[in-house]
Amino acid sequence: MGKIIAIANQKGGVGKTTTTINLGAALAKEKKKTLIIDLDEQANATIGLGIGREFVKNSSFDVLTDKVDIVDSIYSTTNEYLNIIPSSNLLANVEEKIRDKSDKEQILLKKGLKLKESYDYILLDCPPSLGLIIDNALFLSDSVIIPVECDYFAYDALTQMVQKINQIQKEKKEFGLSLTIEGVLLTKLDNRNLFGYRISEKVKELLPSKTYNTIISRSSHLQEAPMHGKSVLEFAYNSRGSKEYIKLAKEIIENNKE
Ligand SMILES: Nc1ncnc2c1ncn2[C@@H]1O[C@H](COP(=O)(O)OP(=O)(O)OP(=O)(O)O)[C@@H](O)[C@H]1O
Ligand SMILES: [Mg+2]
């Protein structure tokens with residue numbers, strides 16, 4: 001049975017999508033069958049993996065609004081071990097569409113749980129907000145990776161995110177389901193700047209057992225790869241960013257060994 005992991009932080013621009021794409025590619029490199037679900041209307045993960053909006057017929061929006069079976073929204077990528085459910089800009093209006101449903105927080109859970117049989121890892125790229133989409137993502141997920149940018153304001157967002165996880169965790173208990181913190185991932189570390197290291201130490205103090213040993217440095221390869229519709233592993237295999245995401249994938253696989 002696979003593991004479903006939400007990549008979430010309500011703060012924008014912290015590296016959620018960069019982590020989803022490149023961790024997905026790195027897990028696929030380790031021959032782990034991986035599915036990315038793009039839940040952000042910006043569709044950055046979709047486009048970053050080389051799938052143009054014009055090619056997308058069925059998206060995560062259609063799944064959430066009950067227009068298609070989730071299996072029919074899965075697309076293949078250039079890597080045989082990596083699939084994606086793309087996003088659509090229609091997601092911007094999804095809350096309005098599902099708000100009145102009695103199971104509005106559990107739609108994705110009801111549709112997505114069966115995919116666990118077909119994948120080793122399912123990664124959910126979440127939008128930078130704390131609305132109904134994130135509730136749906138956290139109800140489906142077993143755990144959460146919280147990417148935290150090594151800057152001053154990161155700290156506040158992290159504590160808010162942990163509170164959100166605790167809240168959903170309580171609600172899930174009633175359904176006999178659990179939600180844990182998979183790990184906190186420090187991102188965009190500027191190796192020339194001592195300040196970033198100080199923030200990383202503060203984060204480690206807050207969640208010592210949950211902070212990954214792997215830290216993602218600031219790297220131009222990570223910024224550039226999505227413009228070519230590629231993961232950093234495909235775009236610049238020997239770059240620092242590529243090596244760091246491969247190291248992260250190995251750390252996650254190791255943590256999940258029985
Ligand atoms: N390690 C890194 N080094 C350099 N640039 C990075 C790194 N990680 C992410 N970026 C860049 O920072 C910007 C934001 O990253 P990304 O889109 O992954 O964040 P996000 O949390 O998904 O943002 P949003 O909240 O808007 O969805 C992008 O331009 C991306 O290329
Ligand atoms: Mg994003």
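Let me begin with the residue classes: Ala, Val, Leu, Ile, Met, Phe, Trp, Tyr, Cys and Pro count as nonpolar, Asp, Glu, Lys and Arg as charged, and the others, Gly among them, as polar. On that basis, the shell around ligand 1 holds four nonpolar, ten polar and four charged residues. Please keep in mind throughout that this is a predicted model.

I shall stay with the ligand for a moment. There are 18 residues around ligand 1, and those that come nearest are Gly12, Lys16, Thr17, Thr18 and Pro128. Two elements give two or more residues to this shell, namely α1, residues 16-29, and α9, residues 220-224. Which element supplies the largest share of the shell? It is α1, with three residues.

I turn now to the sheet. Seven strands form an open sheet with mixed pairing, in the order β3-β4-β2-β5-β1-β6-β7. At its edges are β3, residues 75-76, and β7, residues 180-187, each of which pairs on one side only.

What lies across β6 and β7? Helix α7, residues 154-173, does so, running at about 170° to β6. Together, β6, α7 and β7 make a right-handed β-α-β unit.

Is β6 largely enclosed or open? Six of its seven residues are buried, so the strand is largely enclosed by the rest of the structure.

Alanine 236 sits in the loop between α10, residues 232-235, and α11, residues 240-255. Why is it classed as partly exposed? A residue counts as buried if 20 or more other C-beta atoms lie within 10 Å of its own, and as exposed if 12 or fewer do. Alanine 236 has 19 other C-beta atoms within 10 Å, and is therefore partly exposed.

Leaving aside residues up to four places away in sequence, alanine 236 touches His221, Ala225 and Ser242. Finally, alanine 236 and glutamate 171 are 65 residues apart in sequence, and their C-alpha atoms are 43 Å apart in space.

Note on methods
Residues are numbered from 1 along each chain as its sequence is written. Chains are lettered from A and ligands numbered from 1 in the order in which they are written. This is a predicted model: local features need pLDDT of at least 70, side-chain atom pairs count only at pLDDT 80 or more; totals for chains, interfaces and linings use all residues. Two strands pair if DSSP finds at least two bridges between them. Helices (H or I, at least four residues) and strands (E, at least two) are DSSP runs, numbered from the N terminus. Two residues are in contact if their C-beta atoms, placed from the backbone, lie within 7 Å. Axes are lines fitted to C-alpha atoms, for helices over the stretch in contact, and angles run from 0 to 180 degrees between N-to-C directions. A crossover is right-handed if, with the strands pointing away from the viewer, the path from the first strand over the helix to the second runs clockwise. A residue is near a molecule or strand if its C-beta atom, placed from the backbone, lies within 6 Å of it.
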